[in-house]
Each structure stands twice: as C-alpha cells, then as structure tokens.
Amino acid sequence: MGFAGTTLGAQDTTRTRADTVAPTLERAVVSARWEAAVVGGSAAVRLRADSLRLGPSANLDELLRTIPLMLVRQNSRGEVELSSRGAESRQVGILMDGLPLSYGWDGRADVSLIPISGVTAVTFTRGLGTLLAGTNTLGGVVELQLDEQVRRAGWESRLALGSDQTAARQSSASTATSRQLANGSTLTVRGGGSYRQRDGFTLADGVADVRDDESLRIGTDLEQHDGFAHASWRAVNGASLGATATMYSASRGVAPELHLQEPRYWRYPDASRSAIIVKVSAPRLFSGAGITQLDASIGRVAGTTRIEQFGSAAYDAVVGTEAGDETTLTGRVQLRQTLPNGASITAAASTGRTRYFESLNASPALVYRQQLSSVGAETMWPLGSRTIVAGGVVADVASTPEAGGRIPQGDQRSLGWRLGGTTRFAPGVAVHASASRRARFPALRELYSGSLNRFEPNPLLRPEQLLVTEAGVTLGDSQQLRGWSLQATGFVQSLSDGIVRVSTPERKFRRVNQNAQRSTGVETLLDWRGGVNGPSLLLDMVAQRVRITDVSGSAGPQKPEHQPGFRAGVDATLPVGWGMSAGTNIARVGAQYCVHAERGQNVPLAAQTSAGVTLERGWALPGLKAFRWLRVLGAVDNVANVAMYEQCGLPRAGRTARVSIELR
C-alpha cells in the first residue's frame, strides 16, 4: 500500500501521497513501476512515467491507457476522454504541478494533445481524496508531476527516437540536474521537448473506411511539437520557489464516424497551448502549536484552436470554420498547521477565470467568461497508532458573466464535504473507506456552444451533484521490488442532475440535466514482482453496473453511454535471456452502448479483446558521462488486428509494429 510519505491531513494537494499512520514530512519514494495507494481514504494508483513501454514522444492519452482501472476513449471530435466508476471526463480533474488543466471553455483537457515530456510521475485517485484541488474535481483526479528533484548526482539526460511500419517519426530529448548549494538549499533545473508525426493509423480487419482507396484511417494524421522547462529552489527551512512552463503546437485530422450517412469531416489545422506555473512556499514556522506552512501558486494557460469543416471525404472544400482563443488564469493559497499530537488542519482558497473568444465562419467573435472559486478546509486526526481519520468542507461558486450574447448565469453556489479514514491492522493489511459529495458546474461549451450547428445551446443547465462512497482493503506492499500486493475496492456513486446529450427531432444534440445515475461496482488490482530485472505481473479488473433515468421519464431507464459492465487487463514481463525482457498486455472490454446520432437510439458495441507484445534489451554505458544506459524496444500493438470500437463508428488502430532507441 505504501505507508511511507505524508499523512492525509499533511497532504500537499498539488502532489498526492499515500495515507499513513506515522506522520512524517519525507518524500514518498516510488520504488517500483506501479504502486497501489490510498489518498484521503480513496483508492489510488501511482506510476513512474519512465518505466512504461511507450514511444519516445507519447502524449498523455497513451500513458493513461496503461493505467489500471481507467477507461479511455476517443470521441467524435477527435478528443480523448476519461472515465472512472461511471464518471465522465468533465468530472475527472487533471492537474500539472498543481495547476488545473481541466478549467476552460470545455471543462476538460484533451489528453490526446497533452505531452508527457518532463513528467516524472503520475497519480490517479479514483475517488475524491481531497477537497482542496479546486472546483469541479469530484469523480477522480489525475496528477502529473514535473517538479521532482533529480535522483542522482550530475545530469540526467535522455535522447530517444522511434518509428513504426507507417514511417511515423518520434523523437524526444531532455536533461535535468539538481545541485546542492553552499547553504544547504537545492536547485533543480529541467528542460526538453519532443516531436511526433504520423500520416495515420493502420486499418484493423473488417474496417471499411469512408474512402476505400486508403491504406491508413482517414483523419488520424498528426504533427506536433512540444517543449517544457522547470526550475526550482528549495531551502532546508521549507522555503521554495519554482516555475514550470510547457507548450505544444499541433495540426491533426478528425476521424469521421463510419456508422453515419453524414459524418463530420473536420480538421484541426492549428491546436496549440502553453502553460506557466509559479509556486512559492514560505519558510516553515515552528511553535508550541506545531508547524505552520504557507504555499501559494499562480498559473496561466492560453490556447488556440482552429477547426475546418469540409463538405465531403475528399477534404477539398471548406464549408465552415470555428476558431477559439482561450486564456485561463488560476490562483491558489494554502495554509497548513500541524498539531503536537500528529493531527493537522489545512485550509485553501483557489480561483480560476476563463475568457474565450469564439468565431464561427465569418461572423464576429463572441466573448464568453466563466469564474470558478473554491474555499475549503480539511483536518486529519490520528486515532492511536494504527488509524487516521479525516474530513473537510468546501464552498464552490461559479458564474458566467459574459455569455456571447446569450443568457448569462449569475452566481451558482454549492457546498461539498468528505470523510475518510485508513486503518492498518497489521503489517501489510490495511482497510480504507471514504464518502464525499460535491458539485460540478457546467462548462461554457456545455452551456453555449453550437459546435458548427451540431448542438443546440442550453444556458439553463444546472450543476451536477455527485455522492461517492467506497471501502476497500490493501494487502501486501506495492512499494517493494519483490513480493505481491492486492487492493480491492467497492464503490457506489450517485449522480443527480447529471448532464447528458440527447438527440433532437432536427437531428442535432442538446445537453440536458438527467435526474439520476447510479454506479456500483468492485475494483481489484493484483501486483506481483520477482525482484530487480525479474518477472512481473499486474492484473486489474472492474465489474460495475451503471443505471440512468432520463429527465423526461418518457422512456424509463436508459442505457448509459460508454460504460462497459466489465473491464480487465493483464500486463506481464518476463526475462528471456541474453539480457532481454519480453512483455505482453491484454485488455478485455465488455459490451457497452453509444447513442446513434442520426437515429437517436442506443447502439450496442460488442465485447472486445486486444493484445500487444514487446521485446526490449538494455546495455550499460560506463564510459559515457551524458548517458549511462542504452535501451532498444520493439513492440507490436493489437497483435490480432481486431477492430476495437470505443464509440460508435470510431475503431482504434489496427496492428502496429514499432521500434524505439533510447539513451539515458
């Protein structure tokens, strides 16, 4: 389970750590590829980004597809969405060094374009482990860490190249160092970037594209480059100052939906984004009452999106355009006070303001603005030496003072709360439980966007309310390099006023509040490791039932979209001699449903299974200073070349063979 690290109440909400009953302030060290953890009484999983068998310039969606117990799919706009326990992607927050990437026009980040260059660790909390990470985080959170100190003396550099049978090109380079200064403080510097280009995905067996003269799937091309830089200074008294900057610029296609007679033919000729985060911590103050720590951060995310709509699959005549320019400013202040008995109290206030300029075809730009604010407090309290309990409350406020000429929304308010706890009965045996309730305010796109005449705006949407309860047990210790661990968690999530899309008689979509959704299920995560360079096995499984009732009540219970009742995965590695290691990953997704845009009916998607294999070898480079290790990786994804449908008419890539070479 990983009991090393900060306590629940001492948790820095910009970097999640495991619960513990022995409060300390040391950094939790992830000593293995995966780590099952508990955050605020909610189950979580951690991984080191440099331990995965991905390409050298992967984006976040590729990394998230490897995370156990998470559902990842592509939607009809070419964006990639996340789901956990029946929650949809706007209920799952994404943080980068504490900066919410989920704020903005859409209320969610397109993870298919977020680069993971520079990301050192990822934590996925499936419930609500804290109330202090900002508004609209209620059904899970993904935290990306870039500001980690370098783990060895000198420079850590990385250079990687990759390709596949379609002649796609991938490259990345980065370097980092941490230096101990004369006064005992530490200076860390990181920087790098990557480039990726592909002409498209391969076609799986049985997939007939909209044009039969193509060898690759239409609308799956991508060209993107990105860069990152980070610098931080940390003093022994707890004071720190750090700044992180990231950017990407991309052009890409949008795959047309194969089941529609009139699919959308779109391209993104320009999709770019930059983010700047500045964080500062005051020196720790010691007194008879305990330790006081004050932290503050500010962030700016700016992005540009250009969409071109074509009249046919020939992509030779632009019939519509959409352009969006977005700027989001965020700020956060946190005060934490520890108490002599090991308890702590943490209070935080955060705010975010998004301004969006939307231009449709040749019309003048429409201006939208949304303000999100949150004030909350949490406390942790040890009960003896084996148990910690925690609780908190939060007040959230949202408003849309500028609505592009439509009906603006005044202040919408909501109160949230959570309770959680962890008990360690014996070494390697722990039980956790939590309950929380919080609201999500509709995003500007949900309220006002017509999406090039595909949607009818609905400015009267109400906030969603999500009640989450879970309980589970963790056996073993997933931080060890040898041994096994098992985490099993049962959950119940009840969503009221959930926002869903429905079809209109005019063959458009409209977003409405549904009156109920209930998700119940069990998650299991079994991990076994055979030591350094030894075999390993990871098994994960989700069995869930998601039920909804449409707000109209006219059709009774409805089928939930994109919520399979069963998912399971196997990830294994095995040394095969001559310094080589073979790996395999198998994913099984049960039957699910999606709504047919032209018929307005539920369409079943059959259960599907895919598998991939890898073979890798590494060589030590003792004579080099810049690089110490050479790694060569060969992989075949979707070995059986099966047509995997994550949404109606949108199959994933067919069989793909790839190779990469990495120096680090």
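How many disulfides does a search of the whole structure find? The search returns one. The structure is a predicted model, in which local features need pLDDT of at least 70 and side-chain atom pairs count only at pLDDT 80 or more, while totals for chains, interfaces and linings use all residues. Residues are numbered from 1 along each chain as its sequence is written, and side-chain values use heavy atoms, with hydrogens and water left out.

The disulfide (a pair of cysteine sulfur atoms within 2.5 Å) joins Cys594 to Cys648, with an S to S distance of 1.5 Å. The link of Cys594 and Cys648 is right-handed, with 70 degrees about the S-S bond. Cys594 lies in strand β33 (residues 592-595) and Cys648 in the loop between β37 (645-647) and β38 (650-651), so the pair ties together parts 54 residues apart in sequence. Helices (H or I, at least four residues) and strands (E, at least two) are DSSP runs, numbered from the N terminus. Cys594 is buried, at a relative accessible area of 1%. Cys648 also counts as buried, at 3% relative accessibility. Here buried means under 20% relative accessible area, exposed over 50%, and partly exposed in between (1.4 Å probe, protein chains only).

The nonpolar cores were examined next. A nonpolar core is a set of buried Ala, Val, Leu, Ile, Met, Phe, Trp, Tyr and Cys residues joined through side-chain atoms within 4.5 Å. The largest such core holds 37 residues, of which Leu63, Leu64, Ile67, Leu82 and Val142 touch the most other members. Elements giving two or more residues to this core include β1 (34-39), β2 (42-48), α1 (60-64), β4 (80-83) and β14 (265-281). The most comes from α1, with three residues. Ile67 is in contact (heavy atoms within 4.5 Å) with Trp34, Val45, Leu47, Val122 and Phe124, not counting residues up to four places away in sequence. A second, separate core has nine residues, among them Ala403, Leu444, Leu447 and Tyr448.

An open sheet is formed by six strands in the order β1-β2-β7-β8-β5-β6, with mixed pairing. Two strands pair if DSSP finds at least two bridges between them. β1 and β6 stand at the edges, each with a single partner strand, so one side of each is left without a neighbour in the sheet. β2 and β7 run antiparallel and are joined by five bridges. In this pairing, Arg46 stands opposite Thr123 in β7. β5 is parallel to β8, with four bridges between them. β5 is antiparallel to β6, with two bridges. Met96 stands opposite Leu144 in β8 and opposite Leu99 in β6. Both faces of β5 are covered: Gly93 and Leu95 are buried on one side, Ile94 and Met96 on the other. β5 and β6 form a hairpin with two residues between them. In the turn, Asp97 has a positive phi of about 50 degrees.

Aromatic pairs number five. Rings of Phe, Tyr and Trp (its six-membered ring) pair if their centres lie within 6.5 Å; planes under 30 degrees apart count as stacked, over 60 as edge-to-face and the rest as tilted. The rings of Trp105 and Tyr368 have centres 5.0 Å apart and planes at 55 degrees, so this pair is tilted. Trp105 lies in the loop between β6 (99-100) and β7, and Tyr368 in strand β19 (residues 366-383), 263 residues apart. Both Trp105 and Tyr368 are buried. Tyr265 and Tyr315 form an edge-to-face pair, 5.8 Å centre to centre with 85 degrees between the planes. Tyr265 lies in strand β14 and Tyr315 in the loop between β16 (290-310) and β17 (318-338), so the pair ties together parts 50 residues apart in sequence. Tyr265 counts as buried, at 13% relative accessibility. Ring pairs also link Trp105, Tyr356, Tyr368 and Tyr448 into a cluster.

Charges over rings were also located. A charge sits over a ring if NZ of Lys or CZ of Arg is within 6 Å of the ring centre and within 35 degrees of the ring normal. The charged end of Arg264 sits over the ring of Trp266, 4.2 Å from its centre. The charged end of Arg511 sits over the ring of Phe455, 4.2 Å from its centre.
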